[in-house]
Amino acid sequence: MAAAMMVALGLASCGEKKFKIEGQVENAKDSLLYLESIGLEGPVAIDSVRLDDDGDFSFSAKQTEAPEFYRLRIGAQIINLAIDSTETVTVKAQMPDMADHYTVEGSAECERIRQLAFMQMDLQNKAIALQNNPGLNSQIVSDSILKMVDAYKSKVKNDYIFKDPKAASSYFALFQTLGNYLIFNPRNNRDDIRVFAAVATSWDTFYPGSVRGENLHNIALTGMKNERIVDAEQQEAQIDEKKITTAGLIDISLQDNKGQMRSLSGLKGKVVMLDFHVFGTKESPRRILMLRELYNKYHAQGFEIYQVALDADEHFWKQQTASLPWICVRDESGINSQRLTVYNVTSLPEYFLIDRDNNLVSRSSQVKNLDEAIKALL
């Protein structure tokens, strides 16, 4: 009986997917090397080893469903890593400056994180050099650092984040800092909100329900909400939800998934559902089924859906909408779109009903029974 239990435990252990981080740290005899998991609340040590003359080490741990972040640490010297499969990552480093002198093999994502980490260190060193230059006044130093940061952000966005927003390295790049300040700051920079939104949308799509994906989504939505508040205060043009029944149509004209320009005002004569939607969310398939049911039931009577997608990935959006019968357009600004501002959209998905004369009649929060509301307008 005991033998059978041992066999069963052994089989269960063999079936568990694990990753391995191994390698060598030179000039580190008797140093304590930690493997730490980097959660949203900070690092947690999950294993450690006292290095010998050779500096060899090997750690393994259970693979997670979504990419996760880890680091190797000796004292204050840190090497950041990301794991997204059952891969074996090999790290070779040298003390006393391990963070500045290491290579990584076996993981393209870990290599990109290494590149980003070195670029960040270079940016920080240049900023410190400018601040310590006695021949420069504070204004010149400030302007020069801002230019360097802008150039850095442009390179990281174009060469890393927008190339593959679902990548662990793209997530890593969002939280890089210069001193104590985030390089990409979604709290006060509308372009940075768009960057966070691109990664958040991809993580919603490829890693639905992941803690990190949901956290990114919340950060992006908070930034978007703050931005709309500022815009409303500056422009004094935010739509009052209570007055929406008397408001005329605010037109939208965008390219649909077949490459044709489609305008909302061009649907005059039909009852229209204006739907703001993100296909890259776990709730999307169920909601699309609901919309299909409505469309099939009422389209012949003059009902149309004008759906504005806010997905960052155009190719993904086209794939998701290829078989949909209604009008599908995409706003490339994503959740940073000004159209969300003028329609006072504070959460997604959201819809509005428009009558045959192109007048906004109601929004979702004002509709108790959607079927009845559509039939009344038809």
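Me: Helices here are DSSP runs of H or I with at least four residues, strands are E runs of at least two, and both are numbered from the N terminus. With that settled, where does P349 sit?
Reply: P349 is in the loop between α9 (338-342) and β16 (350-354). Keep in mind that this is a predicted model. The peptide bond from L348 to P349 is cis, with omega about 0°.

Me: And what kind of peptide bond joins M95 and P96?
Reply: A cis one, with omega about 15°. P96 belongs to the loop between β7 and β8.

Me: Step back a bit. How many helices and strands in the chain?
Reply: The chain has 10 helices and 17 strands. It runs to 378 residues, and 44% of them count as buried.

Me: What share of the contacts join residues at least 24 apart?
Reply: 61%, taken among contacts between residues at least 6 apart in sequence.

Me: Sheets next. What's the strand order in the open sheet with mixed pairing?
Reply: The order is β4-β1-β7-β8, four strands in all. β4 (56-62) and β8 (102-105) are the edge strands, and each pairs on one side only. From one strand to the next, the twist averages 15°.

Me: How many bridges join β1 to β7?
Reply: Seven, linking β1 (residues 18-26) with β7 (residues 88-94). Those two strands run parallel. If you want a spot to look at, G23 stands opposite V91 in β7.

Me: Which helix packs on that sheet, touching β7 and β8?
Reply: Helix α2, residues 108-131. Its direction makes about 155° with that of β8.

Me: What order are the strands in for the antiparallel open sheet?
Reply: β3-β2-β5-β6. The edges are β3 (42-50) and β6 (77-83); each has a single partner strand, so one side of each is left without a neighbour in the sheet. The twist there averages 25° from one strand to the next.

Me: Which residue is the bridge partner of L35 in β5?
Reply: L72. Also, S37 stands opposite Y70 in β5. In total, four bridges join β2 (residues 32-39) to β5 (residues 68-74), and the two strands run antiparallel.

Me: How many bridges join β5 to β6?
Reply: Seven, again with the strands running antiparallel. L72 turns up here too, with I79 as its bridge partner in β6. β5 and β6 make a hairpin with two residues between them. G75, in the turn, has a positive phi of about 60°.

Me: Why is β5 said to be largely enclosed?
Reply: Because six of its seven residues are buried, the rest of the structure largely encloses β5. Buried means under 20% relative accessible area.

Me: Positive phi again. What's the phi of N27?
Reply: About 60°, positive although N27 is not a glycine. N27 sits in the loop between β1 and β2.

Me: Is N27 buried or exposed?
Reply: Exposed, with a relative accessible area of 60%. The cut-off for exposed is over 50%. D30 lies in the loop between β1 and β2 as well. D30 is not a glycine either, and its phi is positive, near 75°.

Me: New topic, T321. Which helix is it in?
Reply: T321 is in helix α8, residues 314-321. T321 is buried, with a relative accessible area of 0%.

Me: What does T321 touch?
Reply: N257, F279 and C328, leaving out residues up to four places away in sequence. D256 is 65 residues from T321 along the chain, and their C-alpha atoms are separated by 9.8 Å.

Me: Last one, α7 and α10. At what angle do their axes cross?
Reply: Roughly 30°, and the axes come within 12 Å. Helix α7 covers residues 284-298, and helix α10 covers 370-377. Angles under 35 degrees count as roughly parallel, so α7 and α10 are roughly parallel to each other. The crossing is right-handed.

Me: Which residues of α7 meet α10?
Reply: M290, L294, K297 and Y298. On the α10 side they meet L370, D371, I374 and K375. By class, that contact has five nonpolar, three charged and no polar residues.

Terms used:
Residues are numbered from 1 along each chain as its sequence is written. This is a predicted model: local features need pLDDT of at least 70, side-chain atom pairs count only at pLDDT 80 or more; totals for chains, interfaces and linings use all residues. Side-chain values use heavy atoms; hydrogens and water are left out. Two strands pair if DSSP finds at least two bridges between them. Axes are lines fitted to C-alpha atoms, for helices over the stretch in contact, and angles run from 0 to 180 degrees between N-to-C directions. Contact means heavy atoms within 4.5 Å. Angles under 35 degrees count as roughly parallel, over 145 as roughly antiparallel, 65 to 115 as roughly perpendicular and the rest as oblique. A crossing is left-handed if the near helix is turned anticlockwise from the far one by less than a right angle, and right-handed if clockwise. Ala, Val, Leu, Ile, Met, Phe, Trp, Tyr, Cys and Pro count as nonpolar, Asp, Glu, Lys and Arg as charged, and the others, Gly among them, as polar. Buried means under 20% relative accessible area, exposed over 50%, partly exposed in between (1.4 Å probe, protein chains only).
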